[in-house]
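Subject: Structure handover

Hello,

Here is the structure for your own work. My notes on what was found in it follow below.

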Amino acid sequence: MNGNERLIGRLLRAGTTGFVAGCRVSRLEALAFGALVRVELDADQAVYGLIYDIRIDDDGLVRQLALADAVAENIIHDNRTNRNVPVEISVLATGCRQGESISHLLPPRPPLSLDDLTICDDEEIVRFTGTPHLGYFRHVLRAQDLPVGDLLAAHIRQAQAAHERLADRGGDPQWSRKAVAHIITLLRDDYDRLIQVLDALGDALPGEWETPKQAIAD
């Protein structure tokens, strides 16, 4: 995937802890819940985050078409490819880059409206997630009103796949087990929430363990 293919949209609004971007319907195939994305603040700084929601709003035309008895395929195609209302992508900030150094701290400032939103490739995913201390998990676990278990599960599955694809270039085929172990440590005092998160991880990583309690025991 080249640079143009990884550019998926532009920011609509932003804050220190997250931001929302808009993209065309035609770019939906490049998106994924839990994907790691990046916004450049300037030549030396960037913000990283995880996609936690993808929303397709309606408009007057869509409401009319939805109530019609029949809609021609060419009209549906035209509405999806030429539609002016963007797909909204909500992102939770999980870290930043200053120069060549990646940190899992929140960025020093939020990005600006119309900044480019880029989906990270395997090398960038491995670099961001390959630190000894997976500090960015704390941003996900403390987020309010988010499907935390499913978000972590989707992200860890995608990151694990990137590590496996780059196993001969710095990737860690055992990364997901280390990630799960770190989550268990972070949630050791919140057993009920830990079981919920591990249950979602069990669906995302089939074969790793039979039950969440087995993951804790391992």
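Thr-131 sits in the loop that runs between α4 (122-129) and α5 (137-141); helices here are DSSP runs of H or I with at least four residues, strands are runs of E with at least two, and both are numbered from the N terminus. With a relative accessibility of 24%, Thr-131 is classed as partly exposed. The classes are buried for under 20% relative accessible area, exposed for over 50%, and partly exposed in between, with a 1.4 Å probe and protein chains only. A polar atom of the Thr-131 side chain is 3.0 Å from the backbone oxygen of His-133. His-104 is 27 residues from Thr-131 along the chain, and their C-alpha atoms are 9.3 Å apart.

On provenance: this is a predicted model, in which local features need pLDDT of at least 70 and side-chain atom pairs count only at pLDDT 80 or more, while totals for chains, interfaces and linings use all residues. Residues are numbered from 1 along each chain as its sequence is written, and side-chain values use heavy atoms, with hydrogens and water left out.

Overall, the protein has nine helices and seven strands. Of its 218 residues, 44% are buried. Taking contacts (heavy atoms within 4.5 Å) between residues at least 6 apart in sequence, 69% join residues at least 24 apart.

Next, the cores. A nonpolar core is a set of buried Ala, Val, Leu, Ile, Met, Phe, Trp, Tyr and Cys residues joined through side-chain atoms within 4.5 Å. The largest one has 38 residues, and Phe-137, Leu-152, Ile-156, Trp-175, Ile-183 and Leu-201 have the most contacts inside it. Two or more residues of this core come from each of β4 (45-56), α4, α5, α6 (148-165), α7 (175-186) and α8 (191-204). The biggest contribution is that of α6, with seven residues. Beyond its neighbours within four places in sequence, Ile-183 touches Phe-137, Leu-152, Ile-156, Leu-194, Val-197 and Leu-201. A separate core of 20 residues includes Val-37, Val-39, Val-47 and Leu-117.

His-182 is in helix α7 and counts as buried, at 16% relative accessibility. Its contacts, leaving aside neighbours within four places in sequence, are with His-133, Leu-134 and Phe-137.

Which residues do ring pairs link into a cluster? They are Tyr-48, Phe-128, Tyr-136 and Phe-137. Rings of Phe, Tyr and Trp (its six-membered ring) pair if their centres lie within 6.5 Å; planes under 30 degrees apart are stacked, over 60 edge-to-face, and the rest tilted. The whole structure holds three aromatic pairs. One of them is Tyr-48 with Phe-128, which is tilted because the centres are 5.0 Å apart and the planes are at 40 degrees. Tyr-48 belongs to strand β4 and Phe-128 to helix α4, so this pair ties together parts 80 residues apart in sequence. Phe-128 also pairs with Tyr-136, again tilted, with centres 5.0 Å apart and planes at 55 degrees. Tyr-48 and Phe-128 are both buried, and Tyr-136 is buried too.

Most residues other than glycine have a negative phi. Leu-114, in the loop between β6 (101-103) and β7 (116-119), has a positive phi near 75 degrees and is exposed at 61% relative accessibility. Asp-145, in the loop between α5 and α6, has a positive phi of about 60 degrees and is exposed, with a relative accessible area of 78%.

Regards

Technical notes
A polar contact is a pair of N or O atoms within 3.5 Å; within protein, one must be able to donate a hydrogen and the other to accept it, and residues adjacent in sequence count only if both atoms are side-chain atoms.
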